[in-house]
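Please read the following report alongside the model shown here. It begins with contacts between charges and rings, and then turns to strands, cores and aromatic pairs.

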Amino acid sequence: MQTPDQLTVGRIAGTHGIRGEVRVRSRTDYPERRFAPGTQLLLVHPSLEERRPITVVRARPHKDFWLLQFKEWTDINQAEPFKGALLKVNREEAVEPEEDAFYLHEIIGSRVVTTEGEPVGIITEILQPGANDVWVIQKDGGGEILIPFIDDVVRRVDPSAKQVIIRWMEGLE
């Protein structure tokens with residue numbers, strides 16, 4: 001798999017107030033750094049022909065979101081059209097993951113085997129519905145299965161070897 005040119009650090013979930021502030025669902029392990037005042041992010045939305053740079057003026061955590069104010073938006077009417085937009089950074093700005101950590105794009109295409117050595121399939125997609133990520137695996141024999149990214153199931157992830165070892169549990173199929 002090819003390394004992406006940009007990494008997604010958040011998604012605009014909606015507006016907050018009338019002064020152009022937005023609620024952002026963080027998709028980064030480093031929100032304090034990514035959303036720090038003065039940081040420039042890339043706005044990606046279907047209504048835009050190309051990525052648009054925007055600058056964070058203010059950011060603070062609020063419930064399950066981050067509230068961000070951008071220099072380019074001073075009222076709700078400027079922010080409203082960009083609900084659902086992705087916030088990205090260039091790959092060169094990536095923070096090196098800590099030991100035993102990885103970026104999600106690094107495990108797409110990884111072979112999944114059980115702790116008993118039984119082949120399961122290939123990771124094709126990662127869903128982020130809420131409490132924990134869910135990995136979509138294309139089974140070797142056809143079809144898909146979904147596995148939760150939790151310690152009880154995912155036992156080892158080796159991005160360099162493109163291999164994931166899982167403990168099979170009742171109900172995964």
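The charged end of Arg 23 sits over the ring of Phe 65, 4.7 Å from the ring centre, and Arg 25 lies over the face of Phe 65 at 4.5 Å from the ring centre. A charge is taken to sit over a ring if NZ of Lys or CZ of Arg is within 6 Å of the ring centre and within 35 degrees of the ring normal. The model is a predicted one, in which local features need pLDDT of at least 70 and side-chain atom pairs count only at pLDDT 80 or more, while totals for chains, interfaces and linings use all residues. Residues are numbered from 1 along each chain as its sequence is written, and side-chain values use heavy atoms, with hydrogens and water left out.

Phe 65 is also the bridge partner, in β5, of His 62, and Trp 66 in β5 is the bridge partner of Pro 61. The strands β4 and β5 pair in the antiparallel sense over six bridges, where pairing requires that DSSP finds at least two bridges between two strands. Both belong to a hairpin with two residues between the strands, and Lys 63 in the turn has a positive phi of about 55°. Strands (E, at least two residues) and helices (H or I, at least four) are DSSP runs, numbered from the N terminus.

On β3, Gln 40 stands opposite Thr 55 in β4, and four bridges join β3 to β4, which run antiparallel. Six strands close into a barrel with antiparallel pairing, in the order β1-β2-β5-β4-β3-β6. Neighbouring strands of this sheet are turned by 50° against each other on average, direction ignored; the axes behind such angles are lines fitted to C-alpha atoms, for helices over the stretch in contact, and angles run from 0 to 180 degrees between N-to-C directions.

The largest nonpolar core has 21 residues, and those with the most contacts inside it are Leu 41, Leu 43, Leu 68, Phe 70 and Leu 87. The elements that give two or more residues to this core are β1 (6-16), β2 (21-26), β3 (40-44), β4 (52-62), β5 (65-70) and β6 (86-90). A second, separate core of 15 residues includes Ile 108, Val 120, Ile 145 and Ile 166. A core of this kind is a set of buried Ala, Val, Leu, Ile, Met, Phe, Trp, Tyr and Cys residues joined through side-chain atoms within 4.5 Å, with buried meaning under 20% relative accessible area, exposed over 50% and partly exposed in between (1.4 Å probe, protein chains only).

There are four aromatic pairs. Rings of Phe, Tyr and Trp (its six-membered ring) pair if their centres lie within 6.5 Å, and planes under 30 degrees apart count as stacked, over 60 as edge-to-face and the rest as tilted. Two of the pairs are listed below.

| Pair | Centre to centre | Angle between planes | Type |
|---|---|---|---|
| Phe 70 and Trp 73 | 5.2 Å | 85° | edge-to-face |
| Trp 135 and Phe 149 | 4.7 Å | 15° | stacked |

Trp 135 counts as buried at 0% relative accessibility, whereas Phe 149 is partly exposed, with a relative accessible area of 33%. Phe 70 and Trp 73 are both buried, and together with Phe 82 they form one aromatic cluster.
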